[in-house]
Amino acid sequence: MNSFVIAAIVMLLAAVPCGIVVVRGTTMDAVVAYEAVSSIVFMVLVLLAEGFRRSGEFELPVHLAVLLFGSGLVFVRFLERWL
Amino acid sequence: MTAHGIVADVLLGLAAAVVLVSSAGILIMRDAYQRLHYVAPIAVVAPVIVALAVLVQSGWTENSGETWLALLFVVIGGPFLAHATIRAARIREKGDWRPGAGQSGAGRDGPQGRPPERKQPGHAAGERDG
């Protein structure tokens, strides 16, 4: 286990407070916490790919980075208009 | 351990600290406006530090190139997403995002708790088409 994997585990632990906000907060609080969790998962994917030396898995954070932006916009647009 | 490894470890520790502190801030703050301030370090600062750590560890390789490409998307999209989130929160709370509009709190999350009536152009009550 190298430092990249340890950093990924620490960042996953940091997602726990955001999960609490998602469960217990209002709808907008949950969206904000969701955006934070998405960014944390993006970094975790990068760290695990580097930590385990798997070049093919570096494509996952690239896709997630694009989808993160699109999904976030869809969420806030729905919350703004209909939900 | 080489100098590259030490620098990468320091950068990773810094990124983890940024994420931990910001995550605690998201938990502690009172509303979405305050919480969103703590998303920016997670969405922009920490990914830059992680990408620097990957760059220091493995140099200019395909791996670090893909990391920086992903980072480009995140850094460009993050501020837009934060703006859209604040806009949605304000519309839900006030009924309109513009300053001075919706002072009565007519939004869904406002004091009255009812969504504002949306005017459809050309389809208002009593207005006939043509």
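H2(A) passes H1(B) in a left-handed crossing; a crossing is left-handed if the near helix is turned anticlockwise from the far one by less than a right angle, and right-handed if clockwise. The model is predicted: local features need pLDDT of at least 70, side-chain atom pairs count only at pLDDT 80 or more, and totals for chains, interfaces and linings use all residues. Residues are numbered from 1 along each chain as its sequence is written, while chains are lettered from A and ligands numbered from 1 in the order in which they are written.

Helices (H or I, at least four residues) and strands (E, at least two) are DSSP runs, numbered from the N terminus. Two packed helices are described by the angle between their axes and the distance between the axes. Axes here are lines fitted to C-alpha atoms, for helices over the stretch in contact, and angles run from 0 to 180 degrees between N-to-C directions.

| Helix pair | Angle | Axes |
|---|---|---|
| H2(A) and H1(B) (residues 3–28) | about 165 degrees | 11 Å apart |
| H2(A) and H3(B) (residues 62–94) | roughly 175 degrees | within 10 Å |

Angles over 145 degrees count as roughly antiparallel. H2(A) and H1(B) are therefore roughly antiparallel to each other. Their contact (C-beta atoms, placed from the backbone, within 7 Å) is made by A:Val32, A:Ala33, A:Ala36 and A:Ile40 on one side and B:Val19, B:Ser23 and B:Ile26 on the other. By class, these residues are 6 nonpolar, 1 polar and no charged. Ala, Val, Leu, Ile, Met, Phe, Trp, Tyr, Cys and Pro count as nonpolar, Asp, Glu, Lys and Arg as charged, and the others, Gly among them, as polar.

H2(A) and H3(B) are likewise roughly antiparallel. Residues of H2(A) that meet H3(B) include A:Met28, A:Val32, A:Phe42 and A:Glu50, and among those of H3(B) are B:Asn63, B:Val74, B:Leu81 and B:Arg92. This contact has 9 nonpolar, 4 polar and 3 charged residues.

Across the whole interface, 38 residues of chain A are in contact with 40 residues of chain B. On the side of chain A, H1 (3–24), H2 (27–51) and H3 (59–81) each supply at least two residues. H2(A) gives the most, with 14 residues. That side has 29 nonpolar, 4 polar and 5 charged residues.

Chain B has 3 helices and 0 strands, and its elements run α-α-α from the N terminus on.

Note on methods. Two residues are in contact if their C-beta atoms, placed from the backbone, lie within 7 Å. Angles under 35 degrees count as roughly parallel, over 145 as roughly antiparallel, 65 to 115 as roughly perpendicular and the rest as oblique.
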